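Notebook open. Today I'm looking up pockets and cavities, and I want to know what lines them.

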Amino acid sequence: MEASFEITLQIVVTVLAGISSQVIATYLKLPSIVLLLLIGILLGGDGIGLLHPHSLGSGLEVIVSLATAIILFEGGLKLDLQELSRVSLSLQLLVTLGTLITLVGGSMAAHWLGEFPWNIAFLYASIVVVTGPTVIGPLLKQINVDRQVATLLEGEGVLIDPVGAILAFVVLDTILNGDTDPFKAIMGLVMRLGVGASIGGLGGYLMSWIFKRANALSFELKNLVVLAMLWGLFTLAQMIRTESGVMTTVIAGVVFANSSVPEERLLRSFKNQLTILSVSVLFILLAADLSIASVLALGWGSLFTVLVLMFVVRPINILLCTWNSNLNWRQKLFLSWVAPRGIVSASVASLFAILLTQRGVNGGDSIKALVFLTIIMTVFCQGLTAGWIVKWLRITSKDATGALIVGCNPLSLLIARFFQERGEEVVIIDTDPQCFPQAEAQNLRVIASSALDTEVLEEAGIASMGTFVAMTNNGEVNFVLAQRAAEEFSPPRVLAVFPRDPQAANSANSKVNQAFVSDLPIKTWNEYLNDGRVKLGTTTLNEAEFASQQEHIQDKIRAGELVPLLIERDERLQIMIANQTWEIGDRIIYLLYDSRPNLLKRLSGASQSTPLSLEKLSEVEEVPLAKFAQLSATEAAK
């Protein structure tokens with residue numbers, strides 16, 4: 001068989017296997033890297049022998065380099081500087097102090113448990129300091145963890161990749177040249193990071209400038225121009241200072257993404273497709289080139305080395321780097337568990353094995369085997385359990401608590417009181433200070449500004465809030481505010497009080513939900529609250545009269561006599577949405593119109609020390625006999 005056809009066959013089989021793995025993983029809802037590793041090993045020399053990556057020669061190194069450049073650039077595109085600023089200190093510590101902790105802890109474990117010499121142990125630790133966006137990104141999409149944790153993991157994965165890769169090359173250079181001067185090693189690291197960041201920053205700005213002003217070019221051609229420039233910048237950095245190209249690609253992506261480039265969404269889509277292809281090809285090739293015999297020959301010491309890295313070094317890393325952060329113990333525990341290694345570790349280890357063997361240094365194959373053992377264990381253990389752990393810790397985006405309320409009025413103050421009494425954070429934003437004294441009397445935080453300002457929303461802590469609701473007296477303004485909040489920050493629950501406008505509702509899709517009931521006359525109900533013409537009630541939907549209870553309550557809603565405010569389900573309190581599907585066991589908190597002023601006249605403005613009083617109201621609990629049998633005395637007493 002001709003050599004050219006053999007290479008063609010290798011590439012075609014690799015692409016088919018990689019894309020097939022992605023498709024199957026999507027259907028099975030598994031991390032794609034799990035199937036990529038399994039299928040790669042199956043097709044390799046220790047499997048059915050269909051793939052032989054070594055037949056590509058130096059072309060394998062070229063494929064790894066250019067594909068890694070695409071992957072890291074796409075990772076940089078995903079980094080939002082505004083989001084990163086909210087976890088900036090923890091992220092800085094993870095990339096600096098965290099790298100040092102993993103380097104020292106990993107090398108000690110590899111030396112004392114894996115019985116590797118110190119130079120090889122340090123080289124192993126320098127390779128596995130990285131996590132990797134190729135694994136973290138798809139995993140976060142699948143498990144839907146809360147935004148703050150996701151931002152920190154994504155930022156760590158993207159930024160630590162170039163730092164770790166450059167650190168690994170500095171350690172390798174020290175081993176091969178026998179120069180143990182720490183000053184030279186540190187200067188080599190700083191020089192590579194500096195050269196890479198400078199070229200990446202200038203190149204990213206130039207890319208964005210061309211993208212904004214080259215109106216004569218079609219969008220498809222603009223995408224290819226960016227790709228060509230990316231590879232050009234990567235190669236230029238490599239020529240000036242070896243291994244500085246990885247930092248160049250990340251910084252170029254970050255600068256480009258934060259330059260307000262028009263139609264950037266379409267470029268992201270194009271780069272995401274290239275990244276999926278690159279990851280698929282790289283993992284299949286590198287896994288196929290892995291010798292299972294070399295992994296099994298490592299022994300129990302290497303297995304314990306990886307376990308120490310997962311269960312000791314990583315938790316210490318997170319504990320120290322997030323010590324003064326606002327993360328809770330659940331978030332920190334999840335961060336301690338999730339640190340899967342990805343394509344950068346695999347590609348660097350494969351390259352180092354070749355270089356060490358060529359220079360006659362023992363340990364090349366062993367270090368590659370240990371790195372792949374680390375990848376396999378972290379990906380399988382953490383990737384397959386992350387979704388379950390997120391649910392167990394209740395840190396999915398749907399589990400986020402707290403409420404950001406736009407509009408300071410009697411109804412919004414009442415809603416705020418309920419969240420406040422459950423110990424959840426509440427922030428109110430309004431430009432009209434009329435109700436501020438009442439809010440401050442209840443120890444509610446109020447920001448006197450416009451919710452159209454994204455900086456104000458960030459100051460209010462929207463990134464960590466579970467609910468955003470716009471409930472001023474102007475329905476059209478409410479919808480615009482909620483839609484913008486959904487697009488800019490994507491809170492788990494976005495609601496607004498707005499008129500029943502089919503066109504507006506359809507354009508929002510599922511991002512903005514109509515709060516309480518359809519077309520709520522909020523100004524009228526605020527007047528009712530001010531005048532005391534309301535009763536505050538609660539009812540629990542039971543199995544025996546479930547259908548009849550719903551019908552009775554809906555009748556009162558349609559008559560304009562009742563507004564369901566909140567729903568409690570599984571011990572979680574949420575604002576009612578207009579098209580809410582009720583379930584047996586739901587507890588509904590509502591306002592009932594009463595034409596006679598009563599003691600609830602100052603309900604929404606009560607002092608914070610006075611707990612809200614809820615009662616079962618006969619107007620709701622006692623359903624007319626004409627519809628169905630009256631509830632038993634026992635049920636009514638519950």
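Which elements each supply at least two residues of the lining of the second largest pocket? I looked them up, keeping in mind that this is a predicted model. The list I got is α3 (59–77), α9, α11 (219–240), α17 (343–358) and α18 (364–393).

Next I checked who gives the most there. That is α17, with 10 residues of the lining of the second largest pocket.

Then I looked up the volume, and the second largest pocket holds about 720 Å³ of space. It is lined by 33 residues, and those closest to its centre are E61, S347, S350, L351 and I354. By class I noted 16 nonpolar, 12 polar and five charged residues in that lining.

I set the cut-off at 30 Å³ or more and got six cavities. The largest cavity comes to about 60 Å³.

I wrote down the residues that line the largest cavity: T102, V129, T131, E156, I160, L309, V313, R314, N317, A339 and R341. The largest share is from α15, with four residues.

How does the lining of the largest cavity divide by class? I found five nonpolar, three polar and three charged residues.

Terms used:
Residues numbered from 1 in each chain as written. Predicted model: local features only at pLDDT ≥ 70, side-chain atom pairs only at ≥ 80, totals over all residues. Heavy atoms only, no water. 1 Å grid on protein atoms, 1.4 Å probe; cavity = no way out; pocket = protein on both sides within 12 Å on 5 of 7 lines; lining within 4 Å. Points joined across faces, edges and corners; volume = space filled by probe spheres on them. Nonpolar A, V, L, I, M, F, W, Y, C, P; charged D, E, K, R; others polar.
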